[in-house]
Amino acid sequence: MTAFVQRNPAWSLIIVVVAAALLWAIIAPWPPGFEEVFGRKQIFLNALFNGITLGALYFLVASGFTLIFGLMKNVNLAHGALYLLGGYIGYEVADATGYWLFSFIAAFVIIGLAGIVLQYVVFRRMEGEDLRQTLVTIGISIVMADLMLWAWGGSAYQILTPQWLSGPLTLPIVAGMRGDEVVYLRYPFVRLAILVAAIVIGVLMWLALNRTKIGMLIRAGVDDRDMLAATGARVQLVFVIVFAFGAGLAGVAGVVGGTFQSVAPGEDIRFLLASLVVVIVGGMGSILGAAIGAVLIGLAEQFGSVYFPTYSVVFTFMIMVVVLAFRPQGLMGRG
Amino acid sequence: MAVRDHADVSATSGGIRTHTNYLGWLESVHPAYWLLAILLLFMPAFAGSFWLFQVWGWAFILGTIALSLMFLAGYGGMVSLVQMTIAGLAGYMVAILGASGVSGISMGWPQWVAVPIAIVVAAIFGTLVGALAVRTRGIYTIMITLAVAAGFFYLTRQNYTIFNGYTGFGGIQPPHLFGVNMRQPVHFYYLSLACAVLSFLAVVYVSRSPFGLALQGIRDNPRRMAALGYNVTAHRIAAYTFASVIAAVGGILLTWQNAQIAPASVGIGPVIDILIIAIVGGIGHPIGAFIGAFIYVILRLFSPDMLMALGLPGDRFRTLIGLGFLLIVFWSPDGVLGLWQQLKERMRDNAGFTGLGGAGER
Amino acid sequence: MNVSVAERLHATGTGSALELRGVTRMFGALAALVDVTMTIEPGERRAVLGSNGAGKTTLFNCITGDFFSTSGTVRLFGEDVTHFPAHERIRRGLRRTYQISLLFTGLTVLDNVYLAVRGVSRGRFSLIRPRRSEALMQSAVELIEAVHLTDVRDTKVSELAYGQQRQLEIALALAGAPRLILFDEPAAGLSPTERSELVEILTNMPRHIGYIIIEHDMDVALRVAERVSMMHNGRIFKEGLPEEIESDPEVQELYLGGGHG
């Protein structure tokens, strides 16, 4: 940190100024002239919170994708299909049992098992042939998407938010003034809960990878499989566990997405795309990179759709292009 | 070919062919091609307009677009999923610059102005995407081009000022060449055939030119090529430009054939279909793109009947395509062409086996 | 970076063939090259010796631009090429061969050499197919003759014997108008007869072409070189005439001791 400041005094100053301006824009009530230029503060705050919470959802999907790629160099383009299947399973379970939380467990377990099948049937047979793996997973996602369309039809499903999470929460942030009265920001409780859950999952994943024995085993496996095998660790078992966990995360994300938005055909592509962009921006195989990329993309999408409605996608891609142009390995990617 | 990571040049190129006389060149064309040429030239004499327009016309167009992918993947080792997007952009440009049912956006310029500009715009776009994609290698190329393709799809869907959003452009005027309506089945058949053949010949010719040879050298061994004085990045980007022009030709034809272009034409489905066509046909030779396209079109048009005949729901076409694709990728990385090669080799081995057996007993 | 034509013309022709100044290359925390300073005069023939892992191949990679050096400057024929990509350095008359053959195995010998000749000439992007009579094709044919490969000119490289592949490597390095060639263990894996043939090819090269050779075979190295640099742990610790190096006690202890004892 101090080293960075010493090396880049100008950039450090800019970062501090921007951060301060952002903090002011979030906390302080906006003066009328400012609102005339930038629109109502309520809209800005909503875009900000929607962007961050959408980023949390993207993180859940993309972290599984990046985990699998980073550790095993497997590109699983069926990740979007696993996400969508998780959403449908979550919907069915929540609908049948009435327990929202139970649908998470079901989606995690079932999609995790699907991941194990994928690992055994596809990736183990084609170790090292990344192009073939990619083609096979494209084929699998085509078939899965069509079969899901067959089973659930073309309509959208929404997973209902449970009673105890529904309704808005009032946050200690000024949204605007109604006369002399201060209006505080009210924001859906469920979205905030999921944001917190995503942060907790992210931190746990980071800790598991960097501070535990199995995490070190996994990271050793990335750098040198033979060495890992030589220590007596059961490489294949470690990989199966990681694959199951990464796929399971996609399933969980599907339930979250079904609660936030909806479960519908085409969402698989949308979230596969989001995962791709997030990991390209954040850097392959980096959990922290996935988090940064996810929040950036989430914010770009939401601010874009509020302030530049018909070009919002362009923003997402501008971020990708700029990152690729200056840092082809991604923001947090290694060398 | 691209499925194997380090395939050698031999299967695809045959190296530099120096041509000493043209008769020799004519003789070098495989007899099967002569047969095919005669068959295709006289097709309208015995095929109905459904076959000419829907089956053959469509196969030529999809084959041309898949050919642009084959060129990048087979000769350059770069599997680009953005080819359908480039084709779609060219189609959109023809709709926007030329005449369509959306008079508020379309400028109504004559085709001979709109078409070249459309091709140039598509080529520039393809070059830019290429410049982005070649910054990374291998599997990243697929991811980046897929992301760009998806981004273009969402942009056309949400943007109404240029791309007319969800509905896109309908009522696109078919071209009139020499006072002849080119959308009339027989004429369209010949137009698409001519474009496909020209693109095919262009790819074959370029693959054996110094540029094409250098590209194949770069595919096999980029570091060595740099050590021979080649600018690896510039060659890769130039390959994208060349492939973009071919894709653009296919895209314009596709727009004329459908008389419309919409986001659905550039969605992830069609983007992946082009990959499937190229892989299924076989990425080792330019003809594979057209074989794949023909198989795809036949399946696409007739699978509902076939599925229903088997007592299955007729709209599960994509499952069928997906499974077929999986079978090919699992068992024949070089596609149908690879299967054909394997078959030929097996027959030759069987024939040669007896002879060798005799020799072995000496 | 931006050098005017006049400056370049001035720079070329004067100066040494190669001038390394304080070249260092780090791989993470590992220093593969440490502060290497070295000058090669035009037409000079130099051997670089040292044990495995001494940094010889890394030195070559930094000279050709396969990797960039972490710090220090590289000048080729007086021109600062430190930040030039490999192909730009090659076009200035530098060539190299590789330790592990990096040939285009699916192409014929002629196509391989043609690619090399084409790489350092204009028309790399040409879409026109070459004719037999073309000048570049001619010089490719001549190069093949120079390395005694005419018999296998139209054979695929994958079907060549190992020694022939090494000879082809040399032909690729001779393409165009080389002024300085880096040979990375050209004698590795060759039979005694092939070795003497190699020595003959090297010693008979035109006098204006200089080269640096990395070689484990002391007999080959000392016969084809005019000066010798000794490397150890990424540093050059001794430079001198072949006889001096051969008789140097420190060198014998460090390097020759193991090999000759």
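What share of the 335 residues in chain A is buried? I found 51%, with buried meaning under 20% relative accessible area (1.4 Å probe, protein chains only).

I note that this is a predicted model, where local features need pLDDT of at least 70, side-chain atom pairs count only at pLDDT 80 or more, and totals for chains, interfaces and linings use all residues. Residues are numbered from 1 along each chain as its sequence is written, chains are lettered from A, and side-chain values use heavy atoms, without hydrogens and water.

I looked up the overall form of chain A. Its C-alpha trace spans about 70 × 55 × 35 Å along the principal axes.

I then turned to the nonpolar cores, meaning sets of buried Ala, Val, Leu, Ile, Met, Phe, Trp, Tyr and Cys residues joined through side-chain atoms within 4.5 Å. The largest has 204 residues, and Met320(A), Phe71(B), Phe169(B) and Trp256(B) have the most contacts inside it. Helix H5 of chain B (residues 49-76) gives the largest share of this core, 18 residues; helices are DSSP runs of H or I, at least four residues, numbered from the N terminus.

I listed the contacts (heavy atoms within 4.5 Å) of Met320(A). Beyond its neighbours within four places in sequence, Met320(A) touches Val277(A), Ile280(A) and Val281(A), as well as Ile144(B), Ala147(B) and Val148(B).

I also recorded a second, separate core of 61 residues, including Leu49(C) and Met137(C).

Conventions:
Buried means under 20% relative accessible area, exposed over 50%, partly exposed in between (1.4 Å probe, protein chains only). Helices (H or I, at least four residues) and strands (E, at least two) are DSSP runs, numbered from the N terminus.
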